[in-house]
Amino acid sequence: MVPEIYYLVLSAILFTMGALGVLARRNALIIFMSVELMLNAANLAFVSFANTYQQLNGQIIVFFVIAVAAAEVAVGLALIVAIFKSKHSIDVDQMSSLKG
Amino acid sequence: MLFEYIAIATLIVLAVIVALIAIGLGELFGPKKKMEEKSMPYESGMTPYGPGTRRMPVRFYLIAVLFILFDIEVVFFLPWAIVFRQLGLFGLIEMAVFIAILLVGYIYAWKKGALEWE
Amino acid sequence: MTLSDFNTLLPLIVLTVWACALLIVDLFIPKGRKGWTALLAVFGLALTLDLTLAQLGDSGAGFSGMITLDGFSTFVNALLLVSAMLAIGLAYGYVKRMGLERGEFYSLILFSVTGMMLMAQAADLVIVFLALELLSIPLYVLAAFARPKVDSEEAGLKYFLLGAFAAGFVVYGIALVYGATGATALSAIVSAVAARTANLTLLIVGAALILVGFGFKVAAVPFHMWTPDVYQGAPTAVTAFMAAGAKIAGFAALLRVFSLAFPSLAADLTPILWALSALTMVVGNLLAISQTNIKRLLAYSSIAHAGYILMAFVPFGSQEVQSVSVAAGLFYLVAYALTNFGSWGVVIALEQKEGRGLEISDYAGLGRKYPALAAAMTIFMLSLTGIPPTLGLVGKFYLFRAVMAGGFTGLAIIGVLTSLVSAYYYLRVVVTMYMREGEPEALREPWLNFTWGLTAIATVVFSFVPSGLFDWASQAVLKLF
């Protein structure tokens, strides 16, 4: 068996990659993919903790996170498509009609 | 511990060896003729043209989003189906409520014309 | 599962069914008669409010301890429902005038309120997460509702990306708390900590991540960058709802989770909350000074007010002070919500198509041409600053008193000083209205006038009789089951 801590380290690495991706990338789609990476890092943590405690709770939570992520995908992609239709770009740096 | 993985490791090694033998024998004994048709992407199909990444109509995208939404909800059916007998009538009502909520979304998408192709 | 489970959640269930039904019914209401949808939405909210008020004094847990009903949740739910009604009052004429009249608008507001109410009743971190998403996803859509206007689309996308980012932090934080304690129910977390079976390092990191996620949601510095852009780009009626509703729900969840589940972490988290609150007040108020656009001004003002409300969290570790500070926080939320809707209502009255009428200079001459509107705006600006005779002053007074009782005099002094700074930019609006010459154009819409008029009167009247409201807030205690 692979020790639990390996899964946790992997999930922490995935979460950090996701968070850095959100901060560093400028393409709205890739930012969104990074967010999904963060959610899935949490999912990995949930199932590995569920295994540690020998509970089903953690695994059930993952179902909810997946379902919510799908709802987010639907709304997020719709927004990205709408932006692309009117601006022909999804670069977040080019969103300057609102001055920061 | 690691002992459990030996079977899988053996399988992987065997699969690689078998594949290598098959390719190697073909290289060794097979006839080699070089001609133009042989080097085309699809030897007996249409010649591909244009860039590889073509734009898709937005309609595909709408269908895809609807598919994601209704598809993912199936994850809740699976655990429900497994413990269906223990849950009894209560489980049935609970799932009926869940499906009713999905149905609201479905009727909405339908009436809004999201399912129309043209 | 018993009937008492459903009683704890009855208003919420009714509202959910109503929102789903409204979505379908609206499909059969012809275009141009969407006033019916608005009316039905308000009726649903009123019905839910009635059921919520019937729960006054009740308390209990339901659904295997995932849902709580206590004085706190009833108070917050009532406030949220009133907020949603005020938001629809503001939106009704606005969406018509701006050509945004689609029936989904009202359904989305109802769905978002459902999420907010669930947030106030959540006694399990998983429910907190689900409620967070249920309230946020409709708001992403609402922010982009003025599509294909690019400003609105961009606001929607920005809000979405930052909101999803924040949700990522919350989920990972919940995962770590689950790993530390083996539970997500607030009561089980407390007993795991009490039994010393919890991994405290993991628990602190988890709690901090949850705090970061909610910091984004309530727009606390340094997680506030999205706020001005989103508030400016979103349709103004949506901004009003977002500024009040999302903040109330976010703070309600924070208050419940931190006061109930993590009081053991107070020694580590109090300095962080102290710094967060002070930073939010200082940065929000300083950045507001240089704004010329009224929507951005109010956005920075809402950031600053998040800082004041955060003050109520700083003493969350000590049991005696906690009940007073929670009451002060709730009272301030009421004051903020009323003033917020009123001031956005005035902004809506002056807003013209294509984003005209949104500069502070457009308010010149308002005092002469529209005395009632200018008087209402003056009341709201005074209330946001904290000058008598307004509810804002009373709210700040209770808040500073609670923080001082907790022994954080430094924070109270920062609060007073930043309020003095804020007087500069709030009063500048008042000066522009009365001292400058101009020809402003304001719209007269019955529901809009009613909304800002009502909130203006409430802001003044409640400031003279605040004790009733404060007593109610004091009884709104958090209960752990």
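## Helices α3 and α18 of chain C

In chain C, helix α3 (residues 71-97) packs against helix α18 (residues 446-464) at an angle of about 145°, with the axes 7 Å apart. The model is predicted: local features need pLDDT of at least 70, side-chain atom pairs count only at pLDDT 80 or more, and totals for chains, interfaces and linings use all residues. Residues are numbered from 1 along each chain as its sequence is written, and chains are lettered from A and ligands numbered from 1 in the order in which they are written. Axes are lines fitted to C-alpha atoms, for helices over the stretch in contact, and angles run from 0 to 180 degrees between N-to-C directions. Helices are DSSP runs (H or I, at least four residues), as are strands (E, at least two), numbered from the N terminus.

The crossing of α3(C) and α18(C) is left-handed (the near helix is turned anticlockwise from the far one by less than a right angle; clockwise would be right-handed). On the α3(C) side the contact involves C:Leu86, C:Gly89, C:Leu90, C:Tyr92 and C:Gly93, and on the α18(C) side C:Trp447, C:Leu448, C:Phe450, C:Thr451 and C:Thr455. Contact is taken as C-beta atoms, placed from the backbone, within 7 Å. The residues of this contact of α3(C) with α18(C) are 6 nonpolar, 4 polar and no charged. Ala, Val, Leu, Ile, Met, Phe, Trp, Tyr, Cys and Pro count as nonpolar, Asp, Glu, Lys and Arg as charged, and the others, Gly among them, as polar.

## Helices α4 and α10 of chain C

Helix α4 (residues 104-121) and helix α10 (residues 236-261) of chain C have axes 8 Å apart and an angle of about 20°. This makes α4(C) roughly parallel to α10(C) (under 35 degrees; over 145 is roughly antiparallel, 65 to 115 roughly perpendicular and the rest oblique). The two helices α4(C) and α10(C) also cross in a left-handed sense.

From α4(C), the residues C:Ile109, C:Ser112, C:Val113, C:Met116, C:Met119 and C:Ala120 meet C:Phe241, C:Gly245, C:Ile248, C:Ala249, C:Ala252 and C:Ala253 of α10(C). The contact of α4(C) with α10(C) has 10 nonpolar residues, 2 polar ones and no charged ones.

## Helix α9 of chain C and its surroundings

Helix α6 (residues 150-181) and helix α9 (residues 226-233) of chain C have axes that come within 8 Å and cross at roughly 145°. The crossing of α6(C) with α9(C) is left-handed. Here α6(C) supplies C:Asp151, C:Ser152, C:Glu154, C:Ala155, C:Lys158, C:Tyr159 and C:Leu162, while α9(C) supplies C:Trp226, C:Asp229, C:Val230 and C:Gly233. By class, the contact of α6(C) with α9(C) has 5 nonpolar, 2 polar and 4 charged residues.

In α9(C), 8 of the 8 residues are buried, so the helix is largely enclosed by the rest of the structure. A residue is buried if 20 or more other C-beta atoms lie within 10 Å of its own, exposed if 12 or fewer, and partly exposed in between, with C-beta atoms placed from the backbone. Among the buried residues of α9(C) are C:Thr227, C:Pro228, C:Tyr231 and C:Gln232. The cover over the buried residues of α9(C) includes α5 (125-143), α6, α10 and α12 (294-310) of chain C.

## Backbone features

Two cis peptide bonds can be located in chain C, one between C:Val221 and C:Pro222 with omega about 5°, and another from C:Pro388 to C:Pro389 with omega near 0°. C:Pro222 sits in the loop between α8 (200-218) and α9 of chain C. C:Pro389 is in the loop between α15 (371-385) and α16 (391-405) of chain C.

A:His88, a residue other than glycine, has a positive phi near 55°. A:His88 lies in the segment after α3 of chain A and is exposed, with 8 other C-beta atoms within 10 Å. C:Arg196 is likewise not a glycine and has a positive phi of about 55°. C:Arg196 is in the loop between α7 (186-194) and α8 of chain C, and is exposed, with 7 other C-beta atoms within 10 Å.

## Chain contacts and domains

Chain A places 36 residues in contact with 32 residues of chain C. On the side of chain A that touches chain C, the elements giving two or more residues are α1 (4-24), α2 (28-53) and α3 (57-87) of chain A. α3(A) gives the most to that side, with 16 residues. The residues on the side of chain A that touches chain C are 26 nonpolar, 8 polar and 2 charged.

Between chain A and chain B, 11 residues of chain A are in contact with 10 residues of chain B. The side of chain A that touches chain B has 11 nonpolar, no polar and no charged residues. Chain B is assigned domain 1 (2-39) and domain 2 (58-111), with bounds that come from an automatic or database domain assignment. The C-alpha centres of domain 1 and domain 2 of chain B are 44 Å apart.

Methods
Two residues are in contact if their C-beta atoms, placed from the backbone, lie within 7 Å.
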